[in-house]
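Please read the following walk through the structure with the sequence and the coordinates side by side.

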Amino acid sequence: MFKKILIANRGEIACRVIKTARKMGIQTVAVYSDADKNALHVSMADEAYHIGPPPANQSYIVIDKIMEAIKATGAEAVHPGYGFLSENSKFAEALSAAGVAFIGPPVGAIEAMGDKITSKKLAQEANVSTVPGFMGLIDDAEHAVKISNEVGYPVMIKASAGGGGKGMRIAWNDDEAREGFQSSKNEAANSFGDDRIFIEKFVTQPRHIEIQVLCDSHGNGIYLGERECSIQRRNQKVVEEAPSPFLDEATRKAMGEQAVALAQAVDYASAGTVEFIVDGARNFYFLEMNTRLQVEHPVTELITGVDLVEQMIRVAYGEKLTMTQDDVKLTGWAIENRLYAEDPYRGFLPSIGRLSRYRPPAEQASGPLLENDKWQGDAPAGTVAVRNDTGVFEGGEISMYYDPMIAKLCTWAPTREAAIEAMRNALDGFEVEGIGHNLPFLSAVMDHPIFIKGEMTTAFIEEEYPEGFEGVELPDEALRKIAASCAAMHRVAEIRRTRVSGRMDNHERHVGENWVVSVQGQSYPVTVAADHDGSTVTFEDGTALRVASTWTPGDQLATITVDGEGLVLKVGKVSGGFRIRSRGADLKVHVRSPRQAELAALMPEKVAPDTSKLLLCPMPGLVVKVDVEVGDEVQEGQALCTIEAMKMENILRAEKKSVVTKINAVAGDSLAVDEVIMEFE
Amino acid sequence: MKDILQELQDRRDVARLGGGQKRIDAQHSRGKLTARERIDLLLDEDSFEEFDMFVAHRCTDFGMEEQRPAGDGVVTGWGTINGRLVYVFSQDFTVFGGSLSETHAQKICKIQDMAIQNGAPVIGLNDSGGARIQEGVASLAGYAEVFQRNIMASGVVPQISVIMGPCAGGAVYSPAMTDFIFMVKDSSYMFVTGPDVVKTVTNEQVTAEELGGASTHTKKSSVADGAFENDVEALAEVRRLVDFLPLNNREKPPVRPFFDEPGRVEQSLDTLIPENANAPYDMKELILKVADEADFYEIQEDFAKNIITGFMRLEGQTVGVVANQPMVLAGCLDIDSSRKAARFVRFCDAFEIPILTFVDVPGFLPGTSQEYGGVIKHGAKLLFAYGEATVPKVTVITRKAYGGAYDVMASKHLRGDFNYAWPTAEIAVMGAKGATEIIHRGDLGDAEKIAAHTKDYEDRFANPFVAAEKGFIDEVIQPHSTRKRVSRAFASLRGKKLENPWKKHDNIPL
């Protein structure tokens, strides 16, 4: 086996590969840019090598820098992770020329499949059903419009080298085709150093389902079931699961066999993924093949017990697969939620900065991965598994230079229902502060009826959250649990306040039993009767909840039992009350004595200041350009300004027809959140 | 007998209704609570004991003798906040607009005198149209009597003012001399002369809110120490503040049970200081991670944000915190921040509250506006305040401590008890670049040489060890152990006794 491998990547995937390598007794080399000097992958690896400045096109995707690191450290093989150089055939060639093993497929397979146009042709030749589209490259914006009209709107404009939602746009008309072509091209150039663009028909109401394949260099190939990745936002996957709640055994088999056949047609040898679009009638169309480890590979590992990174390393070393298709068994259900540094309340715009608090839920081992002894952490075994693949730590920095993904939280359980429930609980216990992130949104998806029924398509987020995410309204039952918990917590905090020194002896304050809890516009008068192991909280209608918790004032996570059921609340402070976050809701909870509640009811509702005539910067970023001038009349939807943050260009548009009266920013300005960019009449 | 008892009850009922139901409803419709409702929220349930419920004015001019409501527009007395004694007066806007008469003033003076004598805070809830014009100079005399007692109480018992309605003219000077002023947003204002007079004299058009609203006084003038959304929130927060304060200057600050491990390690503090020495970071994260239960009561949050002041607890005991904020003006000292911090330090010293100082200061803000504004004397206020303070003083330098600002920020030389530095600290006369350009003036044209000199200077001085060699830094500590080190330092200082030479009072550069 290899003695030392280099991981040509960063973040969670570098950490993930290091874990398996360490288990296999292989030494690891991390590479890092200036921005990653203190990154987790650097401290986890046995050695680390500096490869340049923060921008990826000056460090992580510069082949010469990686080659230099290999030479300096004597690594025998390279795992490329995903993104960066993972599907760059020139890199694979350079390694081969230097006599270093590439932990990935052969150069020929990367070339054939890495290019979406070539791969589509190959798939057609192999009789795999494909989506209609134009097989050539697009020259310019007008060409894009012409082709789009030929294929028929809606169309998908894609970077040939693209992936992960970068360099991809959907266009519904000529204007959007023009604009989409330009922004795809720019993003592709920035992210991949390859600005080739193509166009295909955009299949409406599709599901995104992909097959994991694993092939060795001895002609053996198997598939490890599918992953359902339909929940995407702007083509970026957010929630994945395995297996798919939609596939039947026959479709699974057909897709799997075609995927393996396609892989073998290009002498594939490694782990790879064949992506399909599946329509409502379970017709599937080949989309593309990713010749690398997918971000969402953990869900496959959790239901099959196969460590895909280990298999990749073994295959790269020349070993034969030790399992056949018959050995592959899908057990239980796994869900992955991607935690992104994107603020769901601000249209999912990137949020960068310091993680002042980062405490993922405790990992827990269970399922096939544990049975096959492939569990990566030293976690206690349970009936559900919790796995968190991450590359960050409390006090670490989410920088503007790289992908905004913070962590991949996975749960496994024997059934889909139980896996979802485990995920809800894990999300409730996941503490992330300092930056905006999509945790509340993920919680909301886990409680969404369409997701629960498994009936989602790739349009799920667009259709279910057309106005963006505006938070969660909890049902009465959940509110009552929270109200009861807060009443009990408030009582604990108030009793502590009465124990301050300097009291008038014999005239201490008596903390009462009657409270009024106000939350989400509801008011719950309750009576709290505390005893040695908890409190009985009785509501006005006579119903009661039994609350027990070890919470003490200051604890930011409250683990509570309400009538025997677990409840995890994130507990913060708001003036005079609690800020409670749970199940995607972000609540202000006030617990008051009846007299306080009576007087609080007299207080006027304050109206938030009017910002409708201002364009506020939705995220910290750089002004790329300002499209309008003072005095311009702007139409609804007209582009006003472009802000670049985390490599993504975000066009800010007019919300309604108006006239620009003042502009406070020019191109090149670096803006903070909520800075006023321009003002309107 | 029963009739006599009933008469007391009847009289009480009348007195409690103040200016009557109609005016109470009007007060509510303005989003304001009545004087008695406010007391209910401020004090522990059923703890209020009233004084002078039946006091009535003595004015016989302008038909005033026809109206002599019991209480005369102010409710006074005492009660407890979490079992601790406080004195309170609450002006009743429903009675003559809360205007101050001779007898109204006497009621306030009575509880001020008791508070000073018995060693408990005075909390004033202000909601008054001003002087009782009908009483003329008697009303002015009343103000002055209150002022004199504010002055005598200063530094003896904490005095807190909550502005919950109008507070104009002479009335502003009583709150002005108390330790803390809080305002209620949208329903309170304070000014010496109102918008009408302003317009007549200077032709300026200004609304009462712009001239003296909560926003003006918390952000621009620094007259107020904080503002709250409404009466309920304001009074809850005053209760919270009182929990931090000693009852008088003879007492140690209060201690309450705590649930936070004093030895708690915060690994994330090791990465708080950015790689780039000029990059900002949020000093509040350090404060919250050091404090018990991340509980911090900030004073003057919206003014001179380049310095942070407020109260936390360590091992359950109150500690005053002063910290430079690198997020704003790079954390430099200037006129506003020096004044803000100096006043806070003096409050802490007056009431035996230990002071924790976090330092990251690149120096004083340069510029004509600062010099013309008298930064020399304002900066000296902070220097003076730290130097005269005899309470336990613990200082942690996290990054920059440059020039005179190093001396000012509770340095060892100002009788600091524990002066710690993080390994990232740079204690020097100025930044490396500036220093090099002075020392090696001859090489100024040669960028390469200057760079080399700068590097030399950085290697020599951009660290805490030069200061540590001289004993100006007692120890260089790991950021992650800051809470533990600071808690232990204060624990060891609980018996500290230090006295300044006898003097009538000092002559701080006001």
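UniProt positions are given in the numbering used here, with feature names shortened, and annotations may be inferred rather than shown by experiment. This is a predicted model, in which local features need pLDDT of at least 70 and side-chain atom pairs count only at pLDDT 80 or more, while totals for chains, interfaces and linings use all residues. Residues are numbered from 1 along each chain as its sequence is written, chains are lettered from A and ligands numbered from 1 in the order in which they are written, and side-chain values use heavy atoms, with hydrogens and water left out.

For chain B, the unreviewed UniProt entry lists residues 264–504 as "domain: CoA carboxyltransferase C-terminal". This span is 37% helix and 19% strand, and its end C-alpha atoms lie 44 Å apart; helices (H or I, at least four residues) and strands (E, at least two) are DSSP runs, numbered from the N terminus. Chain B as a whole has 19 helices and 17 strands, and its C-alpha atoms fill a box of roughly 95 × 55 × 45 Å along the principal axes. Because a compact globule of 510 residues would have a radius of gyration near 24 Å, the 26 Å of chain B agrees with that expectation; the radius is taken over C-alpha atoms, and the globule rule is 2.2 Å times the number of residues to the power 0.38.

In chain A, a closed barrel of eight strands runs 23-24-25-26-27-28-29-30 with antiparallel pairing, where two strands pair if DSSP finds at least two bridges between them.

Strand 25 (residues 534–539) of chain A pairs with strand 26 (residues 544–549) of chain A over four bridges in the antiparallel sense, and Val537(A) has Leu545(A) as its bridge partner in strand 26. Four residues lie between the strands of this hairpin, where Gly542(A) takes a positive phi near 90 degrees. Strand 26 of chain A is also joined by three bridges to the antiparallel strand 27 (residues 557–562) of chain A, in which Thr561(A) stands opposite Ala548(A). Further along, five bridges join strand 28 (residues 565–574) of chain A to strand 29 (residues 577–582) of chain A, again antiparallel, with Val571(A) opposite Ile580(A) in strand 29.
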